[in-house]
Amino acid sequence: MEKILVVDDNDADRDVAAACLRDHGMTPLFACNGLEAISAIEKDHPDAILTDLNMPHMDGLELVRHVRGKYVGLPVVLMTSRGSEATAIAALRAGALSYVPKNMLRNNLCDAMSMVMAAVEEHRFRERTRSLLDRSEATFFLGYEHDGPSALISHLQGNLRQMNFCDDTELFQIGTALAEALSNAVDHGNLELDSSLREESAAVYSRLREERISMAPYRDRRVRVVERLTPGVVQYVVADQGKGFDMASVPDPLQPECLLKVSGRGLLLLRTFMDEVRFNEAGNEVTMTHRRRAGSDQ
């Protein structure tokens, strides 16, 4: 049974909220302001907080900011009243998950809390799954399917999301690194297209790409993608069947003069977004490693 900390200095509003929560199988706990709420969090470990905004000593906005900083995984729902709209928006931006107008508590409160608690439960299930995982490995092969890279990246990101491996920003960065690695493997590896050609003429580059997709030996080549996932580290190996390249001949993409060039952009993003990037001696296989950050389970 979920414990919900109700924070409000108005006795009547607390009673209404408590009745709604009890009717839906939740256990209400009580605090009259933000300072009392902080003590209650330490003592009772609630599953969620339902808070008013206008309170003495520490108001709802301050409470949301405190919870966001110290109890990142603890969801907060606001109770709003006329005149507190601006503060409510600030609190939502600060990390509150939802809000219910006080004049609609009886009708809408439990629906809002149920949605929040469902999200909390899903988070807990993901954490449980991560605690059970020792190691998983999967291998995929890509040809020239139009939506193949996007579908695969979405699947790999979903695996990380399911494990609470990282936040949305890191998820986007990892997806970007994968997209660049796959693009490099297909275009520069299997199709042997020179990136400098794209700088000279994107139209010529695109036309040559389409021609080679249906020509031997390019048409039969595949990109192999290996995902190795543990609770703390994810590693991707992307290998093509092209001739490879000499890494020593590639200018360092992190140098300022290379930043605006099309060639080297993929390597720059790989090295920026991943913790470790290694190429094999032939230059047709890259291994990218990303480590889980502390606090990513919050």
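1. A nonpolar core here is a set of buried Ala, Val, Leu, Ile, Met, Phe, Trp, Tyr and Cys residues joined through side-chain atoms within 4.5 Å. Buried means under 20% relative accessible area, exposed over 50%, and partly exposed in between (1.4 Å probe, protein chains only). The model is predicted: local features need pLDDT of at least 70, side-chain atom pairs count only at pLDDT 80 or more, and totals for chains, interfaces and linings use all residues. Residues are numbered from 1 along each chain as its sequence is written, and side-chain values use heavy atoms, with hydrogens and water left out.

2. Start with the largest nonpolar core. It holds 35 residues. L160, V223, Y236, V238 and M288 have the most contacts inside it. At least two residues each come from α6 (148-162), α7 (168-190), β7 (223-229), β8 (233-239), α10 (265-273) and β10 (285-291). The top contributor is α7, with eight residues. Helices (H or I, at least four residues) and strands (E, at least two) are DSSP runs, numbered from the N terminus.

3. Look next at V238. Contact means heavy atoms within 4.5 Å. Neighbours within four places in sequence aside, V238 touches A181, L182, A185, V223, R224, V225, N284, E285, V286 and M288. Another core lies apart from the largest one. That core has 24 residues, including A40, L61, V67 and A91.

4. Now the helix pair. Two packed helices are described by the angle between their axes and the distance between the axes. The axes of α6 and α7 come within 10 Å and cross at roughly 145°. Axes are lines fitted to C-alpha atoms, for helices over the stretch in contact, and angles run from 0 to 180 degrees between N-to-C directions.

5. Which residues meet? From α6 come P149, I153, L156, Q157, L160 and R161. They face L171, F172, I174, G175, L178, A179 and L182 in α7. By class, this contact has ten nonpolar, two polar and one charged residues. Ala, Val, Leu, Ile, Met, Phe, Trp, Tyr, Cys and Pro count as nonpolar, Asp, Glu, Lys and Arg as charged, and the others, Gly among them, as polar.

6. Some backbone details deserve a check. The peptide bond from A216 to P217 is cis, with omega near 0°. P217 sits in the loop between α9 (202-213) and β7.

7. H57 is not glycine, yet its phi is positive, near 70°. H57 lies in the loop between β3 (48-52) and α3 (60-70). H57 counts as exposed because its relative accessibility is 65%.

8. E192, also a residue other than glycine, has a positive phi near 55°. Its place is the loop between α7 and α8 (195-200). With a relative accessible area of 24%, E192 is partly exposed.
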